[in-house]
Amino acid sequence: MNETKQTARERINTLFCLAKENIRENPKLAQRYATIARRISMTAKVTLSTEQKHQICKHCKQFILPGVNCKFRTQQRREPHIVVTCLLCGGITRFPLRPRRKNKHDNTKRKT
Amino acid sequence: MKITPAIIQGEFIGLTAKVAQSMQQSNIGIKGKVVDETRNTFIIMCNHEKKTIAKDVSVFHFRMRDGTVVEINGKLLVGRPEDRVKKRIRRLW
């Protein structure tokens with residue numbers, strides 16, 4: 001494991017924790033922490049964890065937390081998925097609920 | 001916690017800091033939580049008041065997350081928080 005990447009990951013985790021603590025009292029500071037965390041991830045080439053990815057709006061890149069400035073809803077149409085609506089920019093992001101199948105032409109289910 | 005030169009790549013936002021030495025006499029002794037960081041300054045919350053302190057003319061005492069107190073020269077900390085991840089220095093001790 002690369003040393004700089006490890007320190008980068010630690011810093012990102014602490015920044016996300018701080019952002020979560022501050023989002024209610026002073027949201028501006030929380031947004032600042034989130035932007036720093038995102039910049040660190042980009043410079044150190046570290047991917048954010050799925051949980052952290054869901055906490056950043058894909059459209060306006062701001063820190064969002066369900067119950068504060070975004071809403072999470074599940075929908076069954078076409079494919080079960082979560083719809084995240086950012087209340088800051090109004091953008092919609094969808095995350096599939098079922099994990100993606102590894103092999104596209106996997107027919108094991110049909111055979112059995 | 002092991003103290004190595006790699007400490008300057010770490011995160012300082014959220015730690016409690018104290019200005020030990022400074023060219024600016026009035027800044028000496030300011031103590032509080034680090035709220036924000038820019039390329040050349042730290043912003044410290046001291047008695048519900050934001051104080052902006054230049055890095056390169058000060059020496060800081062940081063209380064790390066496990067309780068150890070570390071003295072760091074501010075000259076080593078100059079750089080944007082996202083650029084400091086990649087910053088390397090020669091061994092000093």
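In strand E5 (residues 58-63) of chain B, B:Phe62 is the residue that stands opposite B:Ala17, and E5(B) pairs with E1(B) in the antiparallel sense over six bridges. Strands are DSSP runs of E with at least two residues, helices are runs of H or I with at least four, and both are numbered from the N terminus; two strands pair if DSSP finds at least two bridges between them. This is a predicted model, in which local features need pLDDT of at least 70 and side-chain atom pairs count only at pLDDT 80 or more, whereas totals for chains, interfaces and linings use all residues. Residues are numbered from 1 along each chain as its sequence is written, while chains are lettered from A and ligands numbered from 1 in the order in which they are written.

**The sheet of chain B**

- The six strands form an open sheet with antiparallel pairing, in the order E4-E3-E2-E1-E5-E6.
- E4 and strand E6 (69-73) of chain B stand at the edges with a single partner strand each, so one side of each is left without a neighbour in the sheet.
- From one strand to the next the twist averages 40°, where angles run from 0 to 180 degrees between N-to-C directions and axes are lines fitted to C-alpha atoms, for helices over the stretch in contact.

**Strand pairs and hairpins of chain B**

- Strand E1 (residues 16-22) of chain B is joined by three bridges to strand E2 (residues 31-37) of chain B, and the two run antiparallel, with B:Thr16 opposite B:Lys33 in E2(B).
- E2(B) and E3(B) pair in the antiparallel sense over four bridges and form a hairpin with three residues between them; B:Val34 stands opposite B:Ile44 in E3(B).
- Strand E3 (residues 41-45) of chain B also pairs with strand E4 (residues 50-54) of chain B, in the antiparallel sense and over five bridges, and here B:Ile44 stands opposite B:Lys51 in E4(B).
- The hairpin of E3(B) and E4(B) has four residues between the strands, and B:Asn47 in the turn has a positive phi of about 50°.

**Overall dimensions of chain B**

- A compact globule of 93 residues would have a radius of gyration near 12 Å, and the 12 Å of chain B agrees with this; the radius is taken over C-alpha atoms, and the globule rule is 2.2 Å times the number of residues to the power 0.38.
- Taken along the principal axes, the C-alpha atoms of chain B fill a box of roughly 35 × 25 × 25 Å.

**The helix pair of chain A**

- The axes of helix H1 (residues 3-22) of chain A and helix H2 (residues 27-43) of chain A come within 8 Å and cross at roughly 165°.
- H1(A) and H2(A) are therefore roughly antiparallel to each other, a term for angles over 145 degrees, while angles under 35 count as roughly parallel, 65 to 115 as roughly perpendicular and the rest as oblique.

**The contact between the chains**

- The contact takes 15 residues from chain A and 13 residues from chain B, two residues being in contact if their C-beta atoms, placed from the backbone, lie within 7 Å.
- On the side of chain B that touches chain A, the residues divide into five nonpolar, three polar and five charged; Ala, Val, Leu, Ile, Met, Phe, Trp, Tyr, Cys and Pro count as nonpolar, Asp, Glu, Lys and Arg as charged, and the others, Gly among them, as polar.
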